[in-house]
Amino acid sequence: MNRTDRLQAILTHLQSKKVVTAQELAERFQLSLRTIYRDIKALEEAGIPIGAEAGIGYFINDNYTLPPIALTANEASALIFGAKLLAENSDSNLKRDFQNALFKIKAVLRPSEKEIVENISQHVEVLGTKSDKNLFITEIQQAIAKHRVIKINYKSLSNSNPTIRDVEPVGLCNYFSNWHLFAWCRLRKDYRDFRLDRIIDLEVTGNLCQKEDILSLDEFMKLHKPKDIEPNISFVVSENRHKFLDNYKNYYGFVCEEKIENGYKMYFASKDIFAIAVMILNSGCLAQNIQPKELNDHIKTLIKNTSDWYLK
């Protein structure tokens with residue numbers, strides 16, 4: 001990136017946030033702090049109203065506006081990929097808000113850039129398991145931004161009866177193809193991991209969060225590994241059968257695999273042992289050395305029931 005492009009990128013970065021530190025800019029552009037200071041000075045000399053507060057960071061005067069957006073082909077491509085992925089991995093409300101934002105961006109693009117975006121959009125598709133269920137992602141984001149308590153009606157796997165809980169949100173995370181809310185649960189007086197598709201109803205209350213030492217999202221991820229992230233299932237497949245699991249494994253809690261002699265040992269994390277048994281049979285991977293024993297028992301039962309059905 002030449003210096004002119006870098007100065008434009010730094011200006012865009014400054015405009016994107018209320019306050020930006022020199023260290024943040026140095027890390028993004030992989031430059032020394034001294035170079036960042038020189039670039040900031042160059043922007044100021046060009047008439048950009050950049051303010052600075054010692055120990056906090058740089059900011060741009062609220063009255064300053066950027067010229068129309070100019071995107072590179074790669075940036076336009078990234079936007080389209082983001083839109084396609086979001087359509088398959090969120091709820092309708094978040095998808096709508098993203099599409100509205102994307103329309104506003106497209107509206108200020110140059111004609112040549114609009115053509116690039118349209119061309120890319122026609123040649124990119126993401127297939128997945130769309131759901132019309134409201135995951136309350138937008139509401140949770142608002143609660144996080146305003147430090148508000150969230151009241152949820154939640155149905156956990158371990159309890160068939162839903163419970164009403166007041167929670168103080170830590171953050172949102174997507175893993176194993178599901179969105180999760182990490183939060184301090186006032187009912188349990190502990191941190192909890194709530195799957196959004198198990199939330200029956202949600203209300204952002206007017207009450208402010210009160211836990212003073214609440215963890216940040218990074219701290220939560222380091223101290224509280226998401227549920228089911230540790231593998232509890234393993235089996236071995238031969239090298240020539242390994243390929244048959246490629247279209248299945250990520251939907252069933254695949255964690256990792258290790259190459260062994262004449263095959264692979266695969267590790268999964270899931271509480272749904274029965275679903276794993278169905279996956280193994282459907283894939284035709286002919287798994288061996290199956291752990292835990294309960295999984296092997298499920299497979300035997302499925303085979304017997306299938307055989308009995310077709311032989312009767």
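This report walks through the sheets, helices and cysteines of a predicted model.

## The five-strand sheet

Five strands build an open sheet. Their order is S6-S5-S4-S3-S7, and the pairing is antiparallel. Strand S6 (190-195) and strand S7 (199-208) take the edges. Each has a single partner strand, so one side of each is left without a neighbour in the sheet. From one strand to the next, the twist averages 45 degrees.

Look at strand S3 (residues 148-154) and strand S4 (residues 163-175). They run antiparallel, and five bridges join them.

## A threonine in H7

Helix H7 covers residues 137-146, and Thr138 is found in it. Is Thr138 buried or exposed? Thr138 has a relative accessible area of 14%. Buried means under 20%, so Thr138 counts as buried. Leaving aside residues up to four places away in sequence, Thr138 touches Asn93, Leu94 and Asp97.

## The four-strand sheet

A second open sheet has four strands, in the order S9-S10-S8-S11. Here the pairing is antiparallel. The edge positions go to strand S9 (254-260) and strand S11 (288-291). Each of these has a single partner strand, so one of its sides lacks a neighbour in the sheet. The twist averages 20 degrees from one strand to the next.

Strand S8 (residues 233-238) and S11 run antiparallel and are joined by two bridges. Ser234 stands opposite Gln291 in S11. Two helices pack on this sheet. Helix H9 (residues 273-283) touches S8 and strand S10 (263-268). The direction of H9 makes about 5 degrees with that of S8. Helix H10 (residues 293-311) touches S8 and S11. The direction of H10 makes about 115 degrees with that of S11.

## Two crossing helices

Next come helix H1 (residues 3-16) and helix H3 (residues 33-45). Their axes come within 10 Å and cross at roughly 85 degrees. That makes H1 roughly perpendicular to H3.

Which residues meet where H1 and H3 are in contact? From H1 come Arg3, Arg6, Leu7, Ile10, Leu11 and Leu14. From H3 come Thr35, Ile36, Arg38, Asp39, Ile40, Ala42 and Leu43.

## Helix H4

Helix H4 (residues 73-88) has 16 residues. From its first C-alpha to its last, H4 reaches 23 Å. That is close to the 22 Å expected at 1.5 Å a residue. Several residues of H4 are buried, including Ala76, Ile80, Ala83 and Leu86. Lys84 and Glu88 are also among the buried residues of H4.

## Cysteines without partners

How many disulfides does the model have? The count comes to zero. Cys185 is in no disulfide. Its nearest cysteine sulfur belongs to Cys209 and is 13 Å away. Cys185 is buried, with a relative accessible area of 0%.

A disulfide needs sulfur atoms within 2.5 Å. Cys285 also counts as buried, at 0% relative accessibility.

Conventions:
Residues are numbered from 1 along each chain as its sequence is written. This is a predicted model: local features need pLDDT of at least 70, side-chain atom pairs count only at pLDDT 80 or more; totals for chains, interfaces and linings use all residues. Side-chain values use heavy atoms; hydrogens and water are left out. Two strands pair if DSSP finds at least two bridges between them. Axes are lines fitted to C-alpha atoms, for helices over the stretch in contact, and angles run from 0 to 180 degrees between N-to-C directions. Contact means heavy atoms within 4.5 Å. Buried means under 20% relative accessible area, exposed over 50%, partly exposed in between (1.4 Å probe, protein chains only). The expected span of a helix is 1.5 Å times one less than its number of residues. Angles under 35 degrees count as roughly parallel, over 145 as roughly antiparallel, 65 to 115 as roughly perpendicular and the rest as oblique.
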